[in-house]
Amino acid sequence: MEEQKENNTTTESTESEPKKTSTKVRVVRLPETVTISTFAEMIKVSPIDLMKQLMRNGIMANINQAVDFATASSIAPAFGYKVAPLDVQNLKKTKIEDIETDASLLQSRPPVVTILGHVDHGKTTLLDNIRKTKVVEREAGGITQHIGAYQAIYGQNLITFIDTPGHAAFSSMRARGAEVTDLVILVVAADDGVMPQTVEAINHAKAANVPIIVAINKIDRPNSDVERVKRQLSENDLLIEEWGGDIIAVPVSALTGEGIDDLLESINIVSEISEFKANPEGLARGVVLEAKLDKSRGPVATLIVKSGTLSLGNILVVGPNTGKIRSLMNYTGGKIDAAPPSTPVQVLGLSNVPIAGATFLVAQNEKEARDLISRHQSENKPNNRTSFEDMISRIRTGEMKDLNLVIKADVQGSIEAISHALTQLSTEETQVRILHTSSGSIAESDVFLALASDAIIIGFNTPIEPSARRVANHEKVTVKFYSIIYQLLDEIQNVIQGMAAPSMKEIIDGHAVVRTVFERSKNSNIAGVYVTDGHILRSSSVRISRDGSVIFDGLLASLRHFKDDVRELSTGYEGGVVLNGFNDFKEGDSLELHRQEQVS
């Protein structure tokens, strides 16, 4: 009977021998012990097949029984896998991007493309044209919902497009370490030319160090001038191929569709040269594009998979959040089981709404998910940003070779003078790199660019917008204000030479607005002000802004509440202000009260 039973077992095992569908070996990382059910889920096979393979090796085990690493290693090759140890102790010391280390498994993937440009130059129309004409036709139902990204096909190649709000969001993602974009399409209207936001987009794309293709749009308009746009591009260090440079420029009409095929062909060419690759077999990781809280479905996140394959049932870790994927949808709204690299997907199952630009990982079990969350919290503290003092120290020791600057000033003439003077300060040891310049107040996009590029923001006779100041304070971005050019040059030169004086930090005490102006005498006016936030101290310095430009920065001469001299005015109070050396108050002027404090 035993012989008959043994023969039956052998026969059964032979008939159910696992079939290898590919000669490609995939890697799975395991802890010291793993249950049969968990192991089966990880390598996507039936637990019964695993138990049968163990029987062939003389091991009897049930579905809930744990096997050691050596045993799992012995049966994994039968299913096309090899195993590697999951070192939980050292997991926190390993970079997220190094978890998948098998370079031999890298395969070509679709490029991820972001479209940037000046407002009203046709970014949305261009995206709509590509979406309507080049989306994979076999997808049932077409585009049924907007998830912030989609895929188009040209020739035999897929292309992933990200519908981003603009260059500020683009750099915001970079600032969080989310290098999601492979290629930037810069849209410039042929009838309008290069505009201020175009220059910003150029500088954000350059700082990201990704290939740029220029789409010269609106060539269907009678007043279009393609050659003028090419000249303007060259003035901003984008020299097109026909002029001896390396930038591809494609004339298009997003309205009529003219040139769209040429643009997509250019994307394919750049992608082929750049050889975008990823490991589709490893643990999935990628970036959150958008996230929201749906009343009926809970947290909904739109993701781009950068490497590995994201599958239904995976345990997802996004910053401090985790959850098991219970629904996976592609850009058409159709439900799918898996998403390979460069695929945009919407997922349900996270515990909370993650932030846009956050990176995600797949954990193999709940224990690893908790370890990854702990590691994220230790690696992503806001204070990790390089401070101004750290920059000085790193320049002094020779560790830092470039001093990156973002320059904002009141007028273009100031920018040209400052930029020219600063570039002359470069030495063999340290180069001054000016990433972006423009006139006007310091905006959020400037802060995000500085944050992503480890740069200092210099404001010359220009204020900072409240939202930009909040971001700068939270992310520890250094913002320096100047009203005299030689003071600016002296401080930057001292930084480069490693001889900077004790660093001073600007403290903002409050803001006020001029509501009326009283003429005290022919040469002396009093500003009737209302304190909108914080407070005015008698010892405060006052920065006055009008129409987005700083027109005065000096000391208070007098502070009054009705007829009384006071030392302080708090939020919600009105009072009278007299300044040393300034009388030209106008209703609506903004006052920013500030002081300098030495950094200890």
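I call a residue buried when its relative accessible area is under 20%. I am working from a predicted model.

**Entry 1: the whole chain**

I started with burial. Of the 600 residues in the protein chain, 49% are buried.

Next I looked up the surface. The protein chain exposes about 29,100 Å². Carbon and sulfur atoms supply 48% of that area.

Then I went through the secondary structure. I found 15 helices and 33 strands in the protein chain.

I also checked how far along the sequence the contacts reach. I took contacts between residues at least 6 apart in sequence. Of these, 71% join residues at least 24 apart.

**Entry 2: two helices**

I picked a helix pair. Helix H12 covers residues 412–423, and helix H15 covers residues 485–496. How far apart are their axes, and at what angle do the helices pack? The axes are 11 Å apart, and the angle is about 25°. Angles under 35 degrees count as roughly parallel, so H12 is roughly parallel to H15.

H12 and H15 cross in a right-handed way.

Which residues make the contact? From H12 I noted Ala417, Ile418, Ala421 and Leu422. From H15 I noted Ile485, Leu488, Leu489 and Ile492. I sorted the residues of this contact by type. Eight are nonpolar, none is polar and none is charged.

**Entry 3: Ser271**

I moved on to a single residue. Ser271 sits in helix H9, which spans residues 260–274. Is Ser271 buried or exposed? Its relative accessible area is 11%. The cut-off for buried is under 20%, so Ser271 counts as buried.

I then listed its contacts, leaving out residues up to four places away in sequence. Ser271 touches Pro111 and Phe276.

**Entry 4: Asn404**

I found Asn404 in strand S22, residues 402–409. Why does Asn404 count as buried? Asn404 is buried because its relative accessible area is 8%, and buried means under 20%.

I set aside the neighbours of Asn404 within four places in sequence. Asn404 is then in contact with Arg433, Leu435, Ser453, Asp454, Ala455 and Ile456.

I also looked up one distance. Asn404 and Val432 are 28 residues apart along the chain. Their C-alpha atoms are separated by 6.3 Å.

**Recap**

I ended with two buried residues, Ser271 in the protein chain at 11% and Asn404 at 8%. My helix pair was H12 and H15, with a right-handed crossing.

Methods
Residues are numbered from 1 along each chain as its sequence is written. This is a predicted model: local features need pLDDT of at least 70, side-chain atom pairs count only at pLDDT 80 or more; totals for chains, interfaces and linings use all residues. Side-chain values use heavy atoms; hydrogens and water are left out. Axes are lines fitted to C-alpha atoms, for helices over the stretch in contact, and angles run from 0 to 180 degrees between N-to-C directions. Helices (H or I, at least four residues) and strands (E, at least two) are DSSP runs, numbered from the N terminus. Angles under 35 degrees count as roughly parallel, over 145 as roughly antiparallel, 65 to 115 as roughly perpendicular and the rest as oblique. A crossing is left-handed if the near helix is turned anticlockwise from the far one by less than a right angle, and right-handed if clockwise. Contact means heavy atoms within 4.5 Å. Ala, Val, Leu, Ile, Met, Phe, Trp, Tyr, Cys and Pro count as nonpolar, Asp, Glu, Lys and Arg as charged, and the others, Gly among them, as polar. Buried means under 20% relative accessible area, exposed over 50%, partly exposed in between (1.4 Å probe, protein chains only). Accessible areas come from the Shrake-Rupley method with a 1.4 Å probe; for residues, only the protein chains shown count as cover.
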